[in-house]
Each structure stands twice: as C-alpha cells, then as structure tokens.
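Let's take a short walk through this structure, one piece at a time. Have a look at it first, and then we'll start.

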Amino acid sequence: MKELEGRVAIVTGAGKNIGRAIALALAEGGAKVAVNGRSDRSSVEAVVAEIAARGGEAIAVMADVSDEAAVARLVAAAVDRFCRLDIVVNNAAVRPEKPLSALTYADFRAVTSVILDGAFLTARAALPHLERSGSGAIVNIGGMSAHTGAKGRAHVIAAKAGLVGLTKGLAHDLASAGVTVNLVAPGIIATTRDGPVPQHHMLAKTLAGRQGKPEEIAAAVRFLVGPGARYVTGQTLHVNGGTYLP
C-alpha cells in the first residue's frame, strides 16, 4: 500500500511548476487530489490528466484563494467528490517585483491576499474535515527570500514571512486535533516564468552547484504529510541546496 492511500489532498496553485509537482507526488503516494488554479483551466486540467494517466484520481477545481466564498466552494468540491479531506497544501502565490517607490497599497494587497490570506482562508475552511481525518496535515509553501530579504519584493517577502508565523500559530492551535502544520521554503528552483528571472536568483549561489527541481520541493511536502512526519509540526523545512543556512 502507498503511504497516502485513502487520503485526500487539496493543492492550491497547482497548474504548473512546484504546485504541479506536488499534486503529482501526492497522487503517486496514493492520495486523491483536488488540483486548484485561479484562471488557467487548461493547465489545471492537464495536471488532472497526468494524474489519471498514472493511475491516480484527481479533479480540477478553479477558485481564487483570496475569495472566501470561492475557497469554501473549493473545499466543498473536494469533499463532495472524495468524501473526506486530509491534506491541504497552500502553494498559490503571485510574486511580481516592484520597488517600494512604485508599490501601491493595491499592489501590496494583491500579493498578500493570495499568499497569506489565501493560506488562512483555505486552512480555516478545511479545518472541520482535517480534524476528523485523524492524520490531518497542512503544508504552506514559503520562500527563501522571506528569510534573506531581496530587492523589489517587499510585498512578497512580507507575505511569505507571514506564512512562517501562520504556520507556528496554527501548529499550536491544531495540535490537539492531531493536525500537523509545517512550511517548506524553496530556494532557487528551476521553473517556467511568465516574466523575467527575479533579481535575487541571479545573485544567489548554491552549495549544490545547481538550481533545485520542483520535484525536490514536492518530495519534501510528501514527507511532511505522510505517516513518517506525524511528530513534525510548526517547522520550516528549507530546501535550497545550501544557499541559505539558518
């Protein structure tokens, strides 16, 4: 039996890159997966098709995680289809670069509402189901720059750093219900991007001598939601090839 057999997961922002790799990894572990995206339905459905082609089960659920009602529909869709919910991976993010002099409050909120508010809303909507699971797990996807800082990313860094605090707070709140809450902080990961490569990516050097792969982040997530990590909660797991050593 695969270690996640019989469990159900939601992965937000799962249409490509790290989110896609996480959805595939959890499905490979035996979980049924609700694959979430905000606007690119074709990418989300492609991930669902990949999971099905590998013998797994998944559904596509389009929802903006910054919208409380949409998040409620996302959780309901997963539970209606699979009759339970055990795992939530808060991966959805937007990461534009803009200096403070040009950063408006609307710009700031557009980022924090997806990354930080979205993680809060999804965790809260999922909570009754996670509490019934017996092995509930939440994994938030943070970022190395939340710990190192970076130019032109004050809004992104604030949101990702907020996830560290949210992770610790939820770990305390949910421990009595048997729900673990952890964070994976990726370093420099080779992904496809709509815009230019972030400035801090060009400056950072890894001890490993290469960029990471989305699958390496997914492997960390799969471990944290699995049976071997039931004694791990409130932690930040850095996966960065030695670029940042806390």
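Which elements do the buried residues of helix 3 pack against? They pack against strand 1 (8-11), strand 2 (32-37), strand 3 (58-62) and helix 4 (105-133). Before going on, some ground rules: this is a predicted model, where local features need pLDDT of at least 70, side-chain atom pairs count only at pLDDT 80 or more, and totals for chains, interfaces and linings use all residues. Residues are numbered from 1 along each chain as its sequence is written, and side-chain values use heavy atoms, with hydrogens and water left out.

Helices here are DSSP runs of H or I with at least four residues, strands are runs of E with at least two, and both are numbered from the N terminus. Helix 3 covers residues 68-82, 15 residues in all. From first C-alpha to last it reaches 21 Å, close to the 21 Å expected at 1.5 Å a residue (that is, 1.5 Å times one less than the number of residues). Its buried residues (under 20% relative accessible area, 1.4 Å probe, protein chains only) are Ala70, Val71, Leu74, Val75, Ala78, Val79 and Phe82.

Now for the two ends. At the start of helix 3, a side-chain oxygen of aspartate 67 comes to within 3.0 Å of the backbone nitrogen of alanine 69. Just after the helix sits cysteine 83, with a positive phi of about 70 degrees. Cysteine 83 lies in the loop between helix 3 and strand 4 (87-90), and it is exposed, with a relative accessible area of 65% (exposed means over 50%).

Elsewhere, asparagine 17 also isn't a glycine, yet has a positive phi of about 55 degrees. You'll find asparagine 17 in helix 1 (residues 17-28).

Terms used: Contact means heavy atoms within 4.5 Å. A polar contact is a pair of N or O atoms within 3.5 Å; within protein, one must be able to donate a hydrogen and the other to accept it, and residues adjacent in sequence count only if both atoms are side-chain atoms.
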